[in-house]
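Here is a report on a model of three chains.

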Amino acid sequence: MRHILLLAALVVAYAGVPLLFGGTPYILGLIVAALTIAGIAVAWALLGNLGGMVSFGHAAFFGVGSYGSAVLSMKLGVPVFPAVLLGGLAAALASVAMLPALRLRGPYFALAILAYAHIFQILATEMTPITGGAGGLLSIPRFPVLFGLDLGGKTGGYVIILTIVLLSALAYDAVRRSAWGLALKAMHDTEVATRVVGVPSTHLKAAMLALSAFITGVVGAFNAHFISFLEPDYAFSSTWTVLPIAAAIFGGYRTVWGPVLGALAIYLLDQLLFKPILPHGHQMVLGVLLCAMILLSPGGLLPALRRRSTGERHAHA
Amino acid sequence: MIELTLQALFSGLLAGGYYATVAVGLALVFGTMRIINLAHGELVLLSAYIAYAAESRYGLNPVMAIPLALLVVGTVSMIVYALLSRIRQDREINSLILTFGIGIIMTNGILTIWAADIHSTTNPWFQDSLVIADTLFAMNAEIVAFVGGLALMAAVYWWLNHSWQGRAVRALSSNRNAATLMGVNPRQTEILSFLIAALLATFAGVAIYTGKTVFPALGHVLTVKAFIITVLAGMGSIHGVLIGAVMIGIIESLTVTYLSASLQELAGMLLFLVVLFVSPSGLFGGRRALAR
Amino acid sequence: MLTLDGVQVNFGGVQALKNASFAVAEGESVGLVGPNGAGKTTLFNVISGVIRPTGGRLTFRGQSLLGLPDWKRARLGIGRSFQIPRPLGHCTVRENLIVAQRFGAGINDPKRIDEILDLLGLRDKADADATGALALTEHKALEVGKALATNPSLLLLDEVLAGLETNSKRAFMERLGAVRDRYRLALVIIEHDLPTIAALCPRVLVLNFGQIIADGAPDAVFRNPEVIRSYTGETTL
């Protein structure tokens, strides 16, 4: 039964949505953007839930991934798909520069990562020969035609980002269920106790940071080739931090699918409902949702719904 | 060359005064509640916009807007406190996210009411320049802000060290359990620290409006800067905050003078990271006590 | 297998350990006694790598331990318990052992985990939340279990018997003996109750003010006047 439902969901996601909205590129574009946020939200949740770290700087990974991939494909002629993966790798490499931050706790870590995001943004603006500086990069290569499907179009982009998000969520789930996941959640409260049974806690946290950065970088790279244009203020915009956090918190960052559902709900609500009402300050509603969620149901929407349907208490991680 | 450097140092010192008034409030609240209020910069911004509204709509001198701004900022910060104290589980993470959300609400609220334009005072007296020792230039507003801010911080310093409530704030900051055992009422003391932070934020907001320019995204910038300064200071010594603020101010103004204005933020950020990694307890040690 | 040579630990001017030197042979059981604050737990922290010594040498099976992080020492075969139980949070009892086994021993052997659960009488609680829902004896057993799951050859037990009432203490002691013999472990155990020590360990080390003041068979050590003096008013002799 479960398998049939899953299969049906996949068919709807891969075939139903493009068929339904193929004729309304505006809506399909919104869904692609929502899934882009979802990808970052999954990466953010992985770091927050398993690594125990709140990041206010995921825009850094997003930006590095998008510039990495765009520059590789434009200046070195790397084909787009490998370039996207290399973009993710570049973001993971950037996270190596942040390793010293792993010693920091709570707000210190959160704001150190934010400082990195600012620094990367400034560097991207200043490194004009490579990044095009504040002027940006134009006509970044789009995704190619594969098996008769134009991946460069809206529908193609949708299929790609959907796949990226699904794979990321599966990776999150796999880590969470592994002995690594157990050790990581045990580490939050009892780091010394986990270390003396052989858990290299700092290495594990570093691995989560790198994985989270990789996923975010790949999503950023996707976005660069999808919209075919980049500038530092856009690629490192705090939007890539704020929206995923709101999405992950809203959906439930300690669950795998919460961030994805949260991103779809928040982004589509924001664009279709709040933006027409409040053209300038529509993100205010995101702030309200964020606060309401933290106060009323800190676990997020998904666990709250599940609790309602089963009467069960939500479990940590 | 020397004149340029001296002017840069002087401007940096004055900028440090602004930064310090913002940062001391953040540090006080961190002391009593162990919470970084990520909406602190937005409180400053709110005060600045109230001064703007008073001036543009009723032609009031921005300084006259302080009582009203104090009332509004104080009320908002009490709401922030009330919301924060409702958090039960995962306090560290959830309080960060909650205040982050409040910051988003406030920034966008300001954006909705006053739009994204850049504003500064239209009162010419504030912008008139003052020449000190024939070489150093400053605007009247900067001098007023610096002197006023210093006086305000001195008052807070005195209050922390000499009044019962101030001592309660310090006691709660250095050892929460011991302080409550000795009869310090934690709620009252936390509220007090929030109100003092609101007072400082109100002053800083009006000062920034008269001496610099304000725009909705500034709140976030101020919060980050205040946090950086607090880290430099080592979380919780007032003169540490003062020195940290002046350091940031000077480094920024030297960067702007000799390198490029676009690198202004970079210098502070890099210093922040270096200090964080080399000496996480700050340049001036004491993570423990406030003021000493 | 374990050798300490002139190990020193200073905490901001206070010497918690002065010049501690001794060796533990393969399969040997050593009781570690001494008044509160004598430095017993500090000694364990130094051996397991939780704190760094300020001086001296430490070797385990010929390899220097200095500079090795705590988790690597666990993988070398040094298992330890904490005086105040520190179960791994958000995990069941079995998951505690799984984490210890995967990371500490680098193997995945559910049979051995079942065996440890049986030996320590934790089989019934295998799926209980490790942070709540456990009695004191079970918490102490889990402390031993986590260390055992890392496949140690040396087990450092910090007051795992303290606070237990006489009957459960005797039962637990028998379990420890069985565990030690089953896995042919070397054992260093901190314990205040001298008869218990005497029953479990043919050799006793006495620590006072960070110094080893006696080392030998229990009978001889407990008659040593210096030991008695250090203990006066501390415990029954």
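Does B:Arg34 count as buried, partly exposed or exposed? With 16 C-beta neighbours inside 10 Å, B:Arg34 counts as partly exposed. On this scale a residue is buried if 20 or more other C-beta atoms lie within 10 Å of its own, exposed if 12 or fewer, and partly exposed in between, with C-beta atoms placed from the backbone.

This is a predicted model, in which local features need pLDDT of at least 70, side-chain atom pairs count only at pLDDT 80 or more, and totals for chains, interfaces and linings use all residues. Residues are numbered from 1 along each chain as its sequence is written, while chains are lettered from A and ligands numbered from 1 in the order in which they are written.

Most residues other than glycine have a negative phi. B:Arg34 is not a glycine, yet its phi is positive. B:Ala115 also has a positive phi and is a residue other than glycine. The table places both. Helices are DSSP runs of H or I with at least four residues, strands are runs of E with at least two, and both are numbered from the N terminus.

| Residue | Phi | Loop in chain B | C-beta atoms within 10 Å |
|---|---|---|---|
| B:Arg34 | about 55° | between α1 (2-33) and α2 (40-58) | 16, partly exposed |

**Chain A against chain B**

Two pairs of chains touch, and the pair A and B has the most contacts. A contact means that the C-beta atoms of two residues, placed from the backbone, lie within 7 Å. The contact takes 31 residues from chain A and 34 residues from chain B. On the chain A side, the elements giving two or more residues are α5, α12 (239-251) and α14 (283-296). The largest share, 12 residues, comes from α5(A).

Helix α5 (residues 106-126) of chain A meets helix α12 (residues 264-278) of chain B: their axes come within 10 Å and cross at roughly 140°. That makes α5(A) oblique to α12(B). Axes are lines fitted to C-alpha atoms, for helices over the stretch in contact, with angles from 0 to 180 degrees between N-to-C directions. Angles under 35 degrees count as roughly parallel, over 145 as roughly antiparallel, 65 to 115 as roughly perpendicular and the rest as oblique. Residues of α5(A) at this crossing include A:Tyr108, A:His118 and A:Ile122. Those of α12(B) include B:Glu265, B:Met269 and B:Phe272.

**Chain C against its neighbours**

In the contact between chains C and A, 22 residues of chain C meet 19 residues of chain A. Helices α2 (70-76) and α3 of chain C each supply at least two residues to that side of chain C. α3(C) gives the most, with 7 residues. No contact joins chain B and chain C. Their closest C-alpha atoms lie 13 Å apart.

**The sheet of chain C**

Chain C has an open sheet of 4 strands in the order β2-β1-β4-β5, with antiparallel pairing. Strands pair if DSSP finds at least two bridges between them. The edge strands are β2 (14-24) and β5 (63-64), each pairing on one side only. Helix α1 (residues 40-48) of chain C packs on the sheet and touches β1, β2 and β4. The direction of α1 makes about 65° with that of β2(C).

Strand β1 (residues 2-11) is joined to strand β4 (residues 55-60) by 5 bridges. C:Leu2 has C:Phe60 in β4(C) as its bridge partner. β4(C) and β5(C) pair over 2 bridges, with C:Thr59 opposite C:Ser64. These two strands form a hairpin with 2 residues between them. In the turn, C:Arg61 has a positive phi of about 50°.

**Helix α4 of chain C**

Which residues of helix α4 (residues 110-119) of chain C are buried? They are C:Ile113, C:Ile116 and C:Leu117. These cover an arc of only 100° around the axis, which puts them on the same side of α4(C). The arc is that of the directions from the helix axis to the C-beta atoms. The face turned away from the buried side carries the exposed residues C:Lys111 and C:Asp118. What covers the buried residues includes α3 (93-105) and α5 (136-149) of chain C. After α4(C) comes C:Gly121, with a positive phi near 70°.
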